[in-house]
Amino acid sequence: MKSNLMIKYCPYCGDKLTRKMVEGRKRLFCPECERVYYENPTPVVAVVARDKEGQILLVKRKLEPGKGKWALPSGFMEIEETPIQAALRELKEETGITGRFKRLIGVYSNKSEVHGYLVNIIYEVEVVGGNICAGDDAEEAEFFAVDQIPPLVFQSHREALGEVLK
Ligand SMILES: [Zn+2]
């Protein structure tokens with residue numbers, strides 16, 4: 001699968017899209033209205049959330065990809081929110097925990113078998129409140145001491161956590 005989304009029809013006129021060389025790469029093209037349909041990666045956010053003891057908050061995923069495996073709290077950015085707002089919202093939805101922005105750890109790109117090409121923006125946040133309670137697409141939410149962290153299912157999450165713990 002080369003394209004990000006399995007888009008088959010022109011979003012403007014509904015005609016069937018083809019592939020055509022445009023600006024040096026094969027792109028989705030509508031022969032009817034002659035528009036190029038540019039494919040872009042989707043932004044996702046994740047957080048390394050630490051409490052006062054330095055423990056790390058993880059979620060066990062309810063859904064694919066990574067179903068049943070541990071990961072950082074994460075999710076898709078919505079329109080009309082900043083990446084930081086998205087990250088703190090996902091944290092609250094998945095774990096019940098309220099966080100405060102600390103710093104940007106890094107920006108990673110990867111390809112998900114389920115969601116296609118992603119840009120993953122990962123922040124470090126301080127836990128400031130809330131009661132831990134798994135929700136949304138998290139099956140469990142739990143704080144782990146640094147020496148007891150289970151394997152994380154996503155490479156970008158492992159790299160970001162490594163940055164925080166180094
Ligand atoms: Zn069209």
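Modeller: In this predicted model, a nonpolar core means a set of buried Ala, Val, Leu, Ile, Met, Phe, Trp, Tyr and Cys residues joined through side-chain atoms within 4.5 Å.

Biologist: Which element gives the most to the largest nonpolar core?

Modeller: The largest core has 14 residues, and Val48, Leu58, Leu72, Ile105, Ile122 and Leu152 have the most contacts inside it. Two or more residues come from each of β4 (42–50), β5 (56–61), β8 (97–112) and α2 (155–165). With 3 residues, the top contributor is α2.

Biologist: How many residues are in the other core that lies apart from it?

Modeller: Val45, Val47, Ala49 and Leu91 are among the members of this other core. Its residue count is 12.

Biologist: Which residues does Leu152 touch, leaving out those up to four places away in sequence?

Modeller: Leu152 is one of the residues with the most contacts inside the largest core. Beyond four places in sequence, the residues in contact with Leu152 are Leu58, Trp70, Ala71, Leu72, His157, Arg158 and Leu161.

Biologist: What is the geometry of the site of the zinc ion?

Modeller: The SG atoms of Cys10, Cys13, Cys30 and Cys33 coordinate the zinc ion at 2.2 to 2.3 Å. Along the chain these donors follow the spacing C-x2-C-x16-C-x2-C. Four donors count as tetrahedral if all angles lie between 85 and 135 degrees. The angles among the 4 donor atoms here are 100 to 123 degrees, so the site is tetrahedral.

Biologist: What does Cys33 count as at 26% relative accessibility?

Modeller: Buried is under 20% and exposed is over 50%, with partly exposed in between. Because its relative accessibility is 26%, Cys33 counts as partly exposed.

Biologist: Which residue in the hairpin of β1 and β2 takes a positive phi?

Modeller: Strands β1 (residues 18–22) and β2 (residues 25–29) run antiparallel and are joined by 5 bridges. Within this pairing, Lys20 stands opposite Arg27 in β2. The hairpin has 2 residues between the strands, and the residue with a positive phi near 50 degrees is Glu23.

Biologist: Where in the hairpin of β2 and β3 is there a positive phi?

Modeller: β2 pairs with strand β3 (residues 36–37) in the antiparallel sense, over 2 bridges. Phe29 has Val36 in β3 as its bridge partner. There are 6 residues between β2 and β3, and the turn residue with a positive phi of about 60 degrees is Glu34.

Notes: Residues are numbered from 1 along each chain as its sequence is written. This is a predicted model: local features need pLDDT of at least 70, side-chain atom pairs count only at pLDDT 80 or more; totals for chains, interfaces and linings use all residues. Side-chain values use heavy atoms; hydrogens and water are left out. Donors are N, O and S atoms within 2.8 Å of the metal (3.2 Å for Na, K and Ca); water is not among the atoms, so sites may look incomplete. Four donors count as tetrahedral if all angles lie between 85 and 135 degrees; four count as square planar and six as octahedral if opposite donors are over 155 degrees apart and all others between 65 and 115; anything else is irregular. Buried means under 20% relative accessible area, exposed over 50%, partly exposed in between (1.4 Å probe, protein chains only). Two strands pair if DSSP finds at least two bridges between them. Helices (H or I, at least four residues) and strands (E, at least two) are DSSP runs, numbered from the N terminus. Contact means heavy atoms within 4.5 Å.
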